[in-house]
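Please keep the sequence and the structure in view while reading.

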Amino acid sequence: MPPDEQGALTEAVFYILLALHEPLHGYGIMQGVQELTKGRVNLGPGTLYGALSSLVEKGWITALDDASNSRRKEYQITASGEQVFQAELQRLEELLTHASLIAGGKWK
Amino acid sequence: MEMRKTLYRFFGNFEKEEAWLNQMASQGLHCVDYVLCRYKFEQGAPSEYIYRIELMEKDPRSPEGMAYLEFLEEAGIEVVATHVRWVYLRKKAEQGPFDLYSDNASRIKHYRRILRLLLPIGGLNFFFGIGILHNWQPINLLNLGASFLLAIPAWSYYQRIMQLEKESEIRE
């Protein structure tokens, strides 16, 4: 991964990549993330739309061809998206390990 | 009987316009159309809808613009009107909060897009207004007035960008 791609993912991108482990259309992502986080993360449709086009451009997700219902475009994570996502999980794990080391066992 | 109402207003600042539409909605007057300073309202239940105004990246009639509006419609958002690149949106309040943007980066992007629209128009009016580009005539005071009218919201958007960028150093 190039150095400029090693930084933290935004929360929106993290949850979009997580949600797209199954094929979903835009509204499905919004609903899924909202349910999963019990309403804490509400992706704005403008923010989501921008993030989806950036992620497609990067090749981290792909739009699925579905001739039967072309109006509702579905997306899914790609292999390179998965790689980025796994690297992010490692980074997050490191954060929590450090936090429990210094700030106490609260995170264990 | 359905009550209809037409009001004329001019707003330089889209956030003030948005607040006004939401205030009207809280009284049960829901905007159903907008054409150049003319707002049409329909009487309904108070606070039935939440209104948002956005400057789109692309023209609403272009394929990219239409794809975005379809995306919004899938999420239960209704397109009330479009005006050049501006779009007037509403969503039923019972479907929960309605904000187009959920992080600072995309809010900043939106304000920047608006500034890129306002600054050339404001600048051109200013130069016409002070007579740099041609023989100045008293009528050009109107240009000067227009440039100040645009400068006020532009300054407020600029302040918002600065504030959000400062916030971005700490959180998304």
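What area is buried between chain B and chain A, and what percentage of it do carbon and sulfur atoms give? The two chains bury about 1,500 Å², and carbon and sulfur atoms account for 56% of this area; buried area is the accessible area (1.4 Å probe) that two parts lose on being put together, summed over both. On the chain B side, B:Phe71, B:Glu74 and B:Glu172 supply 41% of what that chain buries against chain A, more than any other three residues. This is a predicted model, in which local features need pLDDT of at least 70 and side-chain atom pairs count only at pLDDT 80 or more, while totals for chains, interfaces and linings use all residues. Residues are numbered from 1 along each chain as its sequence is written, chains are lettered from A and ligands numbered from 1 in the order in which they are written, and side-chain values use heavy atoms, with hydrogens and water left out.

In terms of contact (heavy atoms within 4.5 Å), the interface takes 20 residues from chain A and 16 residues from chain B. The element that gives the most to the chain B side is α2(B), with 7 residues; helices (H or I, at least four residues) and strands (E, at least two) are DSSP runs, numbered from the N terminus.

The interior comes next. A nonpolar core is a set of buried Ala, Val, Leu, Ile, Met, Phe, Trp, Tyr and Cys residues joined through side-chain atoms within 4.5 Å, where buried means under 20% relative accessible area, exposed over 50%, and partly exposed in between (1.4 Å probe, protein chains only). The largest such core has 38 residues, and A:Leu43 is one of those with the most contacts inside it. Elements of both chains give two or more residues to this core, including α1 (11-19) of chain A and α2 (63-74) of chain B. Its largest share, 7 residues, comes from α1(A). A:Leu43 touches, among others, A:Ile16, A:Ile29 and B:Ser102. Apart from this core lies another, of 28 residues, among them B:Cys31 and B:Trp86.

B:Cys31 is buried, at 2% relative accessible area, whereas B:Cys37 is partly exposed, at 23%. Over all chains the count is 0 disulfides.

Conventions:
Disulfide = S-S within 2.5 Å. Lists of a residue's contacts leave out its neighbours within four places in sequence.
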